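Thank you all for making time this morning. I would like to walk you through one chain, going from single residues to the whole, and I will say as I go how each term is defined.

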Amino acid sequence: MIRNWIFPLWIGRRLRHADSSGRSFSGPVIAVVTFAVAVSCVVMIIAIVTGTGLQHEIKNKIYSFRGHIQVKKYVDDADLLESESIVLNEALLSAIKAHPSVRHVQSSAYRTAILKSSNYFDGCVLKGLDEHFDANRLGSYLTAGKFFQKRKGSESDSMVISAHHARVLDVKVGDRLAVHFIREAPKPPLLRYLYISGIYESGVEDVDKQFAWVDIDVIRSVNRWETDEVGALEVFIKEGSKPEEVAAELSAVLPFDLQAVSAQMAFRQLFQWMDLFDINILIIIIVMVVVSAINLSSALMILIVERTRMIGLLKALGAENALITKIFLYKAFVVLTRGLFIGNVVALGYAWMQREWKIIKLDQTAYFVDSVPVHFEPVWILSVNVGTLAVCLLILLLPARYISAIPAAKVLKFE
């Protein structure tokens, strides 16, 4: 009795040639099933690259504007409160930078103000930036002009406002704005004049309607702070590190009056909304795998019924059920891998074109991005392909058991 694995592969290849010759009823069915598997694969991979892409893009925007972690005084969690000062010293900076996951640290400060042009006014939160701010991260959001040049020991009279404020105030790069700082009564508002050096647009409505960027020394002078006082320290961490874990570890080494707040904690609702993407992706994957398995099972049953005489002949020659099952599983494996290959080519090809040319646009006010973002996560893509292959082959063992119910004696009389 033949037990070598080469025999099932040889028979399986013969079945492939018979199906492609057009003489087999199962040929068109298998072609349709291959197409269905390819479509399911396309849907799964597109769901992964766009879902993770949207998460990646929104998170990067949040991190760019406030860092992965903020070190500040124990006050309300709201980010838009005016800053209470922190005395910046070498011991504090060394304690933060000593953490192996910390990549960059910069100072910031916040102060509410009213911006007034010739005819209009609008409220905002001024965010002060020091000479160490990461211009590469923020520069990608500039739509006009440039960042002001911050030099240590000198105060810049320039500012960067959002496209929203530019529309409301009807101003452009180079215009001068009157900036009013409200103080406690009976003190009158403090007036400063700043020039617009740049205009940005992030796509995150809460950011664009609130923030404008200025030299941190402007806020220091308004608040009457010393040169070593800042509102907060923004900590950027290395790729692969988890902000919540790093924030907890930094809190353990900070002075008692300071706290390390991760972006996930500050924007809890937004991150919870993004976490739902993972559930949606998982549901899509499960549904598509089930659809692929059902289609393959139907095709396998048709193939088994069509090859009943062959099964009976093999049994009469002494072949065991396990050996015959391998023949049909090999056929199903070929159909499945072919469908997955076609699906991967189509899906990854679309994803590459979307990343390069931004073919499909989105409503930026609803999704925080102006086009469908794409992020290639090799582990996810590989896991989906391997998982689909494994699950479908396991499920195909059920219809393959029908082979054992076929009697060799009677089946040879089957017409």
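This is a predicted model: local features need pLDDT of at least 70, side-chain atom pairs count only at pLDDT 80 or more; totals for chains, interfaces and linings use all residues.

**Aromatic residues, buried and exposed**

Let me begin with Trp357, which is exposed because its relative accessible area is 54%, where exposed means over 50% relative accessible area, buried means under 20% and partly exposed is in between, all with a 1.4 Å probe and protein chains only. Residues are numbered from 1 along each chain as its sequence is written, and side-chain values use heavy atoms, with hydrogens and water left out.

The structure holds 13 aromatic pairs, a pair being two rings of Phe, Tyr or Trp (for Trp, the six-membered ring) with centres within 6.5 Å, called stacked if the planes are under 30 degrees apart, edge-to-face if over 60, and tilted for the rest. One of them joins Phe133 and Phe148, whose ring centres are 6.3 Å apart and whose planes meet at 45°, so this pair is tilted.

How are the planes of Trp352 and Trp357 arranged? Their ring centres are 5.4 Å apart and the planes stand at 80°, so that pair is edge-to-face. Trp352 has a relative accessible area of 41%, and is therefore partly exposed.

Returning to the phenylalanines, Phe133 and Phe148 belong to one aromatic cluster together with Phe65, Tyr141, Phe147, Tyr200 and Trp213. Trp213 is placed in strand β9 (residues 211-215), and it counts as buried because its relative accessibility is 1%. Leaving aside residues up to four places away in sequence, Trp213 touches several residues, among them Phe65, Phe147, Phe148, Tyr200 and Lys127, where a contact means heavy atoms within 4.5 Å. Val160 is also one of the residues that Trp213 touches, and although the two are 53 residues apart along the chain, their C-alpha atoms are separated by 5.0 Å.

**A helix residue and the cysteines**

For a second example, please look at Ala400, in helix α15 (residues 397-400), which at 2% relative accessibility counts as buried. Ala400 touches Leu300, Ile304 and Thr325, again not counting residues up to four places away in sequence.

How many disulfides does a search of the whole structure find? The search finds 0, with a disulfide taken as a pair of cysteine sulfur atoms within 2.5 Å. Cys41 is buried, at a relative accessible area of 1%, and Cys392 is buried as well, at 0%.

**The chain as a whole**

Stepping back, the chain has 16 helices and 12 strands, and buried residues make up 47% of its 415 residues. Among contacts between residues at least 6 apart in sequence, 78% join residues at least 24 apart.

Definitions and conventions: Helices (H or I, at least four residues) and strands (E, at least two) are DSSP runs, numbered from the N terminus.
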